[in-house]
Amino acid sequence: MSRILFDGVTKVYDGEVVAVDGFDLEIEDGEFLTLVGPSGSGKSTLLRMVAGLEEISGGEIHIGDTVVNRLPPRNRDIAMVFQNYALYPHLSVRENMAFGLKRSTDLPKEEIDERVEDAAELMGIGHLLGQKPKQLSGGQRQRVATGRAIVRDPAVFLFDEPLSNLDAKLRKHMRTELQRLQGTLDTTTIYVTHDQEEAMTMSDRIAILNEGKLQQVGTPREVYNRPVNTFVAQFIGSPSMNMFVADLDDENARFTGDIDLAIDPARADAIRERSDAEQFLLGIRPEHVTVHMEEVPDSVAVHVDIVEPLGSDDLLYFDLDDGIGVEDVVAEDVDIGADENGDEEEYKVFVEPGSVPDEYERSETPVYLTFDTDHVHVFDPETGENVDLSPGFGTDARAESAAAGD
Ligand code: ADP
């Protein structure tokens, strides 16, 4: 049994920096769980507390049926792979991989050799066993570091940003490789990354952290399709979700503002039950917007800023004329995130390649947008919470989050 349970886990550094705040989560035996969040959100601290490299200030961590709070690292049956690989430069690949086993077990040499060779085979580095780390490429070093963890046959793998030192292409390749490996070995895994795309592509479930607090936990699809708050909505998915401001006229079941949108009356009632806010944030991903060259009913006219060809799609950046401005309506402590450029008010939509000609860039002639109502997320600007409990949104995510102790 190697499920991992976090029960109210808290970490306070130097009596004042709350790095992790009341973290509750159960990771199932054999699960691949990714902790994702911006820099400083507490991911490494959590991982290091599991490993026993950091003292736990409050709460309990269980591995299997054992509370490990006071167990020294070597008795926790875990193996950790670090970002910098931490290989011994003067030892060969074989010696690096065997090192931990030699030190912490009484296994006979033959058995150690066999385990090292099996792990090397699995990682595709069998031919490198005699080399020293400095003779290896970044990708090969990464494989040695992972192989060294596999050799231990631990109950739990801990990965701390293990792919950040690799170039983009190799990183993608290693993602698939690690995922396949975990599928083969079926070892409970906690993987830490700040890269939401890495989290989305590799994990059984993702736990999203911000400022030491668990925001949401769910499968990649769940957190993408049903973000519980504006932070998750903006952090997961690239490019980020567009955010518009609109009033809800619940009698007529319509949003009016930056965009106009008729919704199902039952949905309007349900939103109203959860929030009496005057204005709401409407979140819409770039793939759920349709661009028309002519005006159509219920469309909003916008001006095209840039058309960026991405190959399979074009990404169209647009400006809202007289937009209300998300920052003007959200409460100060509501995190609406920022995209990679730190730009919060950039609107984007995917279109068919070539469907919006370049002449539209910064031209007077508008294009017209309509929105896929079923994929519009509704957030309360006071709390940042998703207040839309219509089918497919909110309900399940809320229940799952509650079940996970959020
Ligand atoms: P992440 O891994 O998500 O980048 P960390 O777990 O490293 O975040 O850090 C979480 C918070 O704890 C940050 O505010 C960081 O500055 C603080 N922190 C981390 N390690 C220490 C330490 N040894 N002493 C004091 N503060 C620390």
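User: Which residue of S9 is the bridge partner of Val36?

Analyst: This is a predicted model, in which local features need pLDDT of at least 70, side-chain atom pairs count only at pLDDT 80 or more, and totals for chains, interfaces and linings use all residues. Residues are numbered from 1 along each chain as its sequence is written, and side-chain values use heavy atoms, with hydrogens and water left out. Strands (DSSP runs of E, at least two residues, numbered from the N terminus, as helices are, which are runs of H or I of at least four) pair if DSSP finds at least two bridges between them. Strand S3 (residues 32-36) runs parallel to S9 with four bridges, and within S9 the partner of Val36 is Ile208.

User: Which residue in S10 is the bridge partner of Ile206?

Analyst: S9 is joined to strand S10 (residues 213-218) by five bridges, and the two run antiparallel. They form a hairpin with two residues between them, where Glu211 in the turn has a positive phi of about 50 degrees. In S10, Ile206 is bridged to Gly218.

User: Why is strand S9 described as largely enclosed by the rest of the structure?

Analyst: Buried means under 20% relative accessible area, exposed over 50%, and partly exposed in between, using a 1.4 Å probe and protein chains only. Arg205, Ala207 and Leu209 point one way from S9, while Ile206, Ile208 and Asn210 point the other way, and all are buried. Strand S9 (residues 205-210) is largely enclosed because the number of its six residues that are buried is six.
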